[in-house]
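Trainee: I've got a new model on the screen and would like to talk it through. Can we start with the surface and work inward?

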Amino acid sequence: MPKMKTKSGAKKRFRVRPGGTVKRGQAFKRHILTKKSTKNKRHLRGAVGVHDSDLNSVRAMLPFA
């Protein structure tokens with residue numbers, strides 16, 4: 001039986017919190033920021049949790065988390 005491997009793209013993007021929830025960074029905050037409003041950029045700050053509908057696929061990519 002081969003070893004299970006963590007997806008290298010997923011380990012860079014997701015962190016599992018102690019309670020079992022998975023946190024992710026916000027999208028749309030990397031470039032072309034001049035045309036985005038200050039309010040929009042402010043709401044994109046910080047990390048948010050992965051949505052429940054995507055949680056199973058993220059857990060499959062992180063088998064040891």
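Predicted model: local features only at pLDDT ≥ 70, side-chain atom pairs only at ≥ 80, totals over all residues.

Trainee: What share of the 65 residues counts as buried?

Mentor: Buried means under 20% relative accessible area, exposed is over 50%, and partly exposed is in between (1.4 Å probe, protein chains only). By that rule, the buried share of the 65 residues is 12%.

Trainee: What radius of gyration does the chain have?

Mentor: The radius is taken over C-alpha atoms, and the globule rule is 2.2 Å times the number of residues to the power 0.38. A compact globule of 65 residues would come out near 11 Å. The C-alpha atoms here fill a box of roughly 50 × 25 × 20 Å along the principal axes. The chain's own radius of gyration is 15 Å.

Trainee: In what order do the strands sit in the open sheet?

Mentor: Helices (H or I, at least four residues) and strands (E, at least two) are DSSP runs, numbered from the N terminus. The chain has 3 helices and 3 strands, and two strands pair if DSSP finds at least two bridges between them. The pairing in this open sheet is antiparallel, and the order is β1-β2-β3.

Trainee: Which strands are at the edges?

Mentor: Look for strands that pair on one side only. That gives β1 and β3 (47-49).

Trainee: Which residue of β3 is the bridge partner of G25?

Mentor: β2 and β3 run antiparallel, joined by 3 bridges. For G25, the partner in β3 is A47.

Trainee: Is F28 buried or exposed?

Mentor: F28 lies in the loop between β2 and α2 (38-43), and its phi is near 65 degrees, a positive value in a residue other than glycine. Most residues other than glycine have a negative phi. Because its relative accessibility is 67%, F28 counts as exposed.

Trainee: And how does I32 count, in terms of accessibility?

Mentor: I32 is also found in the loop between β2 and α2, with a positive phi near 55 degrees. Its relative accessibility is 47%, so I32 counts as partly exposed.

How values were computed:
Residues numbered from 1 in each chain as written. Heavy atoms only, no water.
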